[in-house]
Amino acid sequence: MEVLSSPVTTPWLWAIGAVYVVALAAALAKAPWGLLWARSRAQHLSYGCALALMLLWWLRGGLPDGPDVHFLGVTAATMMLGWPLAVLAVFVAVLGAVVMGLETWPMGLVEGLLLGVVPALISHANVRILAARLPANPFVYMLGGAFFGGVLAGGVGRSALGAVLALGGTPQAVAALDQWGTVILLTALPEGVINGMVISPLVVYRPEWLATFDRERYLGE
């Protein structure tokens, strides 16, 4: 989403930036660096996810007199890499959008936190809850974790973004939110489908690529 060079007022921008820095620091501290250095496959998956997110976040569609919109793919990245590396992959995507001139740095901070960190944590929590409370069935992981998780994470992230712009946004940003409820509804189902289409084949053919998939629990291996 791109509203203006400064979508939120300065106090909100400082607060969002501070929280985002803390989230990035936590992701750096929690990331499995030892695994990444020891296994080339983990490195390739991390690089591939970061590149895929960058390309996905570059594909933007404009609304008449409204903000730009793009899909997230954060749920799939979280299920593949775990939330710390997913947050860092989103940071790479945001940085790429800023460098390419597709995003301004203030909006990059806002999106990185609300459309990156928030969906990643929600997706992580959703997978953990599904594993704890529902039967050990691969379809639960695919449909509940990827599809429903994508719908939930995308909806909450975009709702949080709309709330922040409504509460602390500039007058121009607030005026651009008239269609934001429609955007949330129209992107919810496709967001789930995109994440489900990524995760489902991996469960069948490459479950070892999924950091959050317990093969012993779901496949009895």
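Ala-173 is buried, at 0% relative accessibility, where buried means under 20% relative accessible area, exposed over 50% and partly exposed in between (1.4 Å probe, protein chains only). Its place is in helix H8, residues 171–175. Helices here are DSSP runs of H or I with at least four residues, strands are runs of E with at least two, and both are numbered from the N terminus. Keep in mind that you're looking at a predicted model, where local features need pLDDT of at least 70, side-chain atom pairs count only at pLDDT 80 or more, and totals for chains, interfaces and linings use all residues. Residues are numbered from 1 along each chain as its sequence is written, and side-chain values use heavy atoms, with hydrogens and water left out.

**How confident is the model?**

- The protein chain averages a pLDDT of 89, and 94% of the residues score at least 70; pLDDT is the predictor's confidence in each residue, from 0 to 100.
- Among the elements of the chain, H4 has the highest mean pLDDT, 97, while strand S1 (residues 61–62) has the lowest, 66.

**The nonpolar core**

- The largest nonpolar core has 59 residues. Such a core is a set of buried Ala, Val, Leu, Ile, Met, Phe, Trp, Tyr and Cys residues joined through side-chain atoms within 4.5 Å.
- If you want to find the residues with the most contacts inside this core, look for Trp-57, Met-80, Tyr-141, Leu-161, Ile-199 and Leu-210.
- The elements giving two or more residues to this core are H1 (10–30), H3 (40–58), H4 (74–81), H5 (83–99), H6 (105–133), H7 (138–168) and H9 (180–205).
- H5 gives the most to this core, with nine residues.

**Helix H4, under cover**

- H4 is mostly covered, with eight of its eight residues buried.
- Those buried residues are Val-74, Thr-75, Ala-76, Ala-77, Thr-78, Met-79, Met-80 and Leu-81.
- Which helices do the buried residues of H4 pack against? They pack against H3, H5, H6, H7 and H9, with contact meaning heavy atoms within 4.5 Å.
- Gly-82 follows H4, and its phi is positive, near 90°.

- Phe-91, Val-92, Leu-95 and Val-99 make a nonpolar surface patch of about 340 Å².
- To join a patch, residues need over 30% relative accessible area and no salt bridge; nonpolar side chains (Val, Leu, Ile, Met, Phe, Trp, Tyr) are joined within 5 Å, and like charges within 9 Å.
- The areas come from the Shrake-Rupley method with a 1.4 Å probe, and for residues only the protein chains shown count as cover.
- Leu-95 sits in helix H5, and Leu-95 counts as partly exposed because its relative accessible area is 44%.

**Salt bridges**

- Side chains of opposite charge can pair when their charged atoms come close.
- A search of the whole structure finds three salt bridges, each being a side-chain nitrogen of Lys or Arg within 4 Å of a carboxyl oxygen of Asp or Glu.
- One of them pairs the side chains of Glu-191 and Arg-158 at 3.2 Å, N to O. This pair links distant parts of the chain, with Glu-191 in H9 and Arg-158 in H7, 33 residues apart.
- Are these two partners buried or exposed? Glu-191 is buried at 2% relative accessibility, and Arg-158 is buried at 2% too.
- Glu-208 meets Arg-206 in a salt bridge at 4.0 Å, N to O, and Arg-215 meets Glu-208 in another at 3.9 Å, N to O.
- Through shared partners, Arg-206, Glu-208 and Arg-215 are joined into one network.
- Glu-208 is partly exposed at 28% relative accessibility, Arg-206 is partly exposed at 39%, and Arg-215 is partly exposed at 32%.

- Gly-192 lies in helix H9 and is buried, with a relative accessible area of 0%.
- Not counting residues up to four places away in sequence, Gly-192 touches Ala-146, Phe-147, Gly-150 and Val-151.
- Gly-192 and Arg-217 are 25 residues apart in sequence and 24 Å apart in space, C-alpha to C-alpha.
- Gly-181 also lies in H9, and Gly-181 is partly exposed at 43% relative accessibility.
- Ala-173 and Val-8 are 165 residues apart along the chain, and their C-alpha atoms are separated by 7.5 Å.
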